[in-house]
Amino acid sequence: MKKTNCTHVREFVFQGFSNFQEHQLTLFVVFFVLYILTLAGNVIIVTIIRIDHHLHTPMYFFLSVLSTSETFYSLVIIPRMLGSLVGLSQTISLECCGTQLFFFLGFAITNCLLLAVMGYDRYVAICNPLRYSVIMNWRVCVILASSVGATGFLLSLIQAVAIFRLPFCNTLIEHFFCDVRPILDLACTVPVINDILTLALSLMVITAPATFLFVSYVLIISTILKIASAEGRRKTFATCASHLTVVVIHYGCASIAYFKPKSENTRDQDQLISVTYTVITPLLNPVVYSLRNKEVQDALRKVLGKKSLS
């Protein structure tokens, strides 16, 4: 339905967590603690991988890139959200909103594509181990990581430009950051082209990589099942368990957020989903890889052991 009274909007106002007015201080403390844990966890992961030469492998190279991307992804959203919870400015200029959307989508798409690349790395390591060092050499790893980042931000730029060329008739964003659907809801006209573009990009960066990962893990699991010893099967699958856990949660949240029909949208549901993929998901990467990965645990013990001796 066409909206009327179109005005030249230059800034927006976040409605944020106004439905939870009496709990905003509690939310601030919870989100702040999770944010600090996310930053600390990802920094520790990157530092350990850089220090321990045993972790200088393609798998951990991609993990360090993912941790770095997750860190910046959190920085784009959470500090402003925390500020709004303690009464700081709820307004954001049109330009800053576009910038936030651009970087949010850029890092989010990069993370989705990185997880697919990490799945390919595991596929080559398990299904074609004799040629692993040739296929996944450092030049290939750098090219893959760079291509993923470039693709993520190119697609993000296309989406952001398409959205912010629209005229807006409302200034109240029923959300705590500039996400795609809340911004499109403020447009003066029904943004059919943008809805189609959003669906196309979602299929490209969520469905296509998820399908690729599904096929990869079918081949990986079939190869693991052919290993004669139970211990060998267990150790081989252990190298994939952390990645598979992150993949399921990451793509699950993204699919719910961007494929859920508009008719099913409620503000509280959208915020709960958004909190999951902006606050919880970035924390899962260091938690899962530190708790479930023996090599990372051993490297952390070595680092802590050296510090305690010095």
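Modeller: Met59, Met118, Arg122, Thr239, His243 and Tyr289 line the second largest cavity of this predicted model. That cavity holds about 30 Å³ of space. Helices H3 and H8 each give at least two residues to its lining. By class, the lining of this second largest cavity has three nonpolar residues, two polar ones and one charged.

How many cavities of 30 Å³ or more does the structure hold? There are two. The largest cavity contains about 310 Å³ of space. Its lining is made up of 23 residues, and those closest to the centre are Leu105, Ala108, Ile109, Ile206 and Tyr258. Sorted by class, the lining of the largest cavity comprises 16 nonpolar, six polar and one charged residues.

H2 spans residues 58-85 and packs against H1, residues 24-51, at an angle of about 160°, with the two axes 9 Å apart. An angle over 145 degrees counts as roughly antiparallel, and H1 and H2 are therefore roughly antiparallel to each other. Their crossing is left-handed. The contact of H1 with H2 has 17 nonpolar, nine polar and one charged residues.

Methods:
Residues numbered from 1 in each chain as written. Predicted model: local features only at pLDDT ≥ 70, side-chain atom pairs only at ≥ 80, totals over all residues. Heavy atoms only, no water. Axes fitted to C-alpha atoms, helices over the stretch in contact; angles between N-to-C directions. Helix = DSSP H or I, 4+ residues; strand = E, 2+ residues; numbered from the N terminus. Parallel < 35°, antiparallel > 145°, perpendicular 65-115°, else oblique. Left-handed = near helix turned anticlockwise from the far one by under 90°. Nonpolar A, V, L, I, M, F, W, Y, C, P; charged D, E, K, R; others polar. 1 Å grid on protein atoms, 1.4 Å probe; cavity = no way out; pocket = protein on both sides within 12 Å on 5 of 7 lines; lining within 4 Å. Points joined across faces, edges and corners; volume = space filled by probe spheres on them.
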